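Subject: Handover of a structure, with findings

Dear colleague,

Please find below the structure that I am handing over to you.

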Amino acid sequence: MRTPWFLLLCSLLSTPLMAEAVTEPSGFEWQLDIGNYAMHSRSLLKGMDSELNGPLNLHIFLYVNYKRFFIEPGPIQKRITPVAADVAGFRLYETEQQQWALTINHYHLGFTAAPSRDPMQVSIPDLEGMHDRKADFAVGLRFQHQAGASLFSLHLLKDQKVHYDYFAELYYGYRLELSNWDLYLSTELTLYRANLINYYYGVTETESRPERPIYQAGSGQRLHLGAIAAYPLSRRWIFELGSGINLYSSAFTRSPITRNGPELVSFTSVRYVF
C-alpha cells in the first residue's frame with residue numbers, strides 16, 4: 001500500500017524537474033522573531049482547550065538559509081496558531097518559481113493525562129486512563145510552486161518515531177496587500193492513513209471505560225481554512241491577528257475522545273524581528 005503514494009507524487013510533479021536550476025546562494029542568512037501571543041481555541045480533543053487558552057505566552061520563530069539548508073517556522077503555523085516547531089530541510093532542486101526539498105519536523109502534538117513539561121506534549125487531565133501519546137517526527141518530500149502572490153505546495157511525509165505512517169498535505173496560500181496590512185489566506189487538505197489516526201485518537205481495550213468505548217478508525221481527511229493579518233507597528237515590531245477552522249472527517253470525529261464538530265482557533269500576537 002505504500003508504493004502508490006510515492007508514484008502519485010512523482011507522476012504529478014515530475015515535469016518541473018526539467019527546468020533550469022538556479023544557482024544556489026553561498027551566504028548565510030538568518031532572522032529571529034520573538035514575541036508574545038494570546039490564543040483561544042475549540043480543539044478537536046476534549047479537554048485540550050483549557051491547556052492552550054489563557055494568558056500571554058512566549059513564541060520564537062527562527063529562519064535560516066545557508067546554501068541548500070534551511071530552517072523555517074513549522075506547519076503548525078499554517079493551522080493558525082503561533083506555536084510552531086521549526087522545519088529543517090535541504091533543497092534538492094530549485095528554480096525561481098519551484099522547489100523540491102527534504103524536510104524534518106514534528107507535525108502532531110502528543111498528550112498525556114499527567115502533568116507534563118514537554119512543550120510537544122499537552123497535559124489533558126480529562127483523558128485519565130489513556131496511554132501517553134508522543135509527538136511524531138516526520139521526514140518529508142516537499143514540492144512548492146510560487147506564482148506571484150500564490151503559493152502551492154504538495155508534501156508527502158512519513159513518521160519515524162511513533163506511528164510510522166504516511167500522510168500527505170496539499171496546500172494553497174495567497175497574499176494580499178491592503179493599505180499597510182498584509183493578509184495571508186490559506187487552505188490545506190491533509191490525507192491520513194489509519195495508523196496515524198488510531199495512534200492519536202483511537203481507544204484500546206485497556207484504555208476503554210463505560211463512557212469511553214473501544215475505537216479504531218480507518219483513513220481520514222482534514223480541511224483547513226485560515227487567514228492571518230499582519231501590520232507593521234514599526235520597522236521591527238509586527239502586530240498579527242489570525243483565525244481558522246479545521247474540518248475533520250468522521251474517522252476523527254467519531255472517536256470518544258474528540259468533539260463531533262470543527263476545530264476553531266484564533267490568536268493575537270506582537271513580535272519583534274531581529
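Of the 274 residues of the chain, 46% count as buried. Please bear in mind that this is a predicted model. The chain exposes about 14,200 Å², and carbon and sulfur atoms supply 59% of that area. Among the contacts with a separation of 6 or more, 59% are made by residues 24 or more positions apart.

Overall fold

Four helices and 14 strands make up the secondary structure of the chain. A closed barrel of 12 strands is present, with antiparallel pairing, and its order is E1-E2-E3-E4-E5-E8-E9-E10-E11-E12-E13-E14. From one strand to the next, the twist averages 25°. As background, the strands of a sheet pair through backbone hydrogen bonds, in either a parallel or an antiparallel sense.

Strand E10 (residues 166–178) pairs with strand E11 (residues 181–192) in the antiparallel sense over 12 bridges. Within this pairing, Tyr172 has Thr187 in E11 as its bridge partner. Strand E12 (residues 220–232) is paired with E13 in the antiparallel sense over 11 bridges, and E12 and E13 form a hairpin with four residues between them. Gly226 stands opposite Gly244 of E13. On to the next pairing: E13 and E14 are joined in the antiparallel sense over 10 bridges, with Ser269 in E14 as the bridge partner of Glu240.

Strand E13

In a regular strand the side chains alternate between the two faces of the sheet. The covered face of E13 consists of Ile238, Glu240, Gly242, Gly244, Asn246 and Tyr248. Its uncovered face consists of Trp237, Phe239, Leu241, Ser243, Ile245 and Leu247. Glu240 thus belongs to the covered face, and at 6% relative accessibility it counts as buried.

Salt bridges

Side chains of opposite charge can pair when their charged atoms come close. With a cut-off of 4 Å between a side-chain nitrogen of Lys or Arg and a carboxyl oxygen of Asp or Glu, the count comes to nine salt bridges.

Which residue forms a salt bridge with Glu240 at 2.8 Å between the closest N and O atoms? The partner is Arg271. Salt bridges with shared partners join Asp33, Glu240 and Arg271 into one network.

A further salt bridge links Glu94 and Arg91, whose closest N and O atoms are 3.4 Å apart. Is each of these two residues buried or partly exposed? Glu94 counts as partly exposed, at 26% relative accessibility, whereas Arg91 is buried, with a relative accessible area of 7%. The cut-off matters for this assignment, because buried means under 20% relative accessible area.

The side chains of Arg175 and Asp182 also meet in a salt bridge, at 3.3 Å from N to O. Arg175 counts as partly exposed, at 34% relative accessibility.

Nonpolar surface patch

A nonpolar patch on the surface is formed by Phe28, Trp30, Tyr66, Phe69, Phe90, Leu92, Leu102 and Phe274, which together have about 820 Å² of accessible area. Strand E1 (28–42) and strand E4 (87–94) are the elements that give two or more residues to this patch.

Tyr66 is found in strand E2 (residues 57–66) and is partly exposed, with a relative accessible area of 38%. Phe90 is found in strand E4 and counts as partly exposed, at 41% relative accessibility. Leaving aside residues up to four places away in sequence, Phe90 touches Arg68, Phe69, Phe70, Trp100, Ala101 and Leu102. Phe90 and Lys67 are 23 residues apart in sequence, and their C-alpha atoms are 9.0 Å apart in space.

With kind regards

How values were computed: Residues numbered from 1 in each chain as written. Predicted model: local features only at pLDDT ≥ 70, side-chain atom pairs only at ≥ 80, totals over all residues. Heavy atoms only, no water. Buried < 20%, exposed > 50% of the residue type's maximum accessible area, 1.4 Å probe, protein only. Pairing = 2+ DSSP bridges. Axes fitted to C-alpha atoms, helices over the stretch in contact; angles between N-to-C directions. Patch = residues over 30% accessible without salt bridge, like charges linked within 9 Å, V, L, I, M, F, W, Y side chains within 5 Å. Areas by Shrake-Rupley, 256 points an atom, 1.4 Å probe, with all protein chains shown as cover. Contact = heavy atoms within 4.5 Å.
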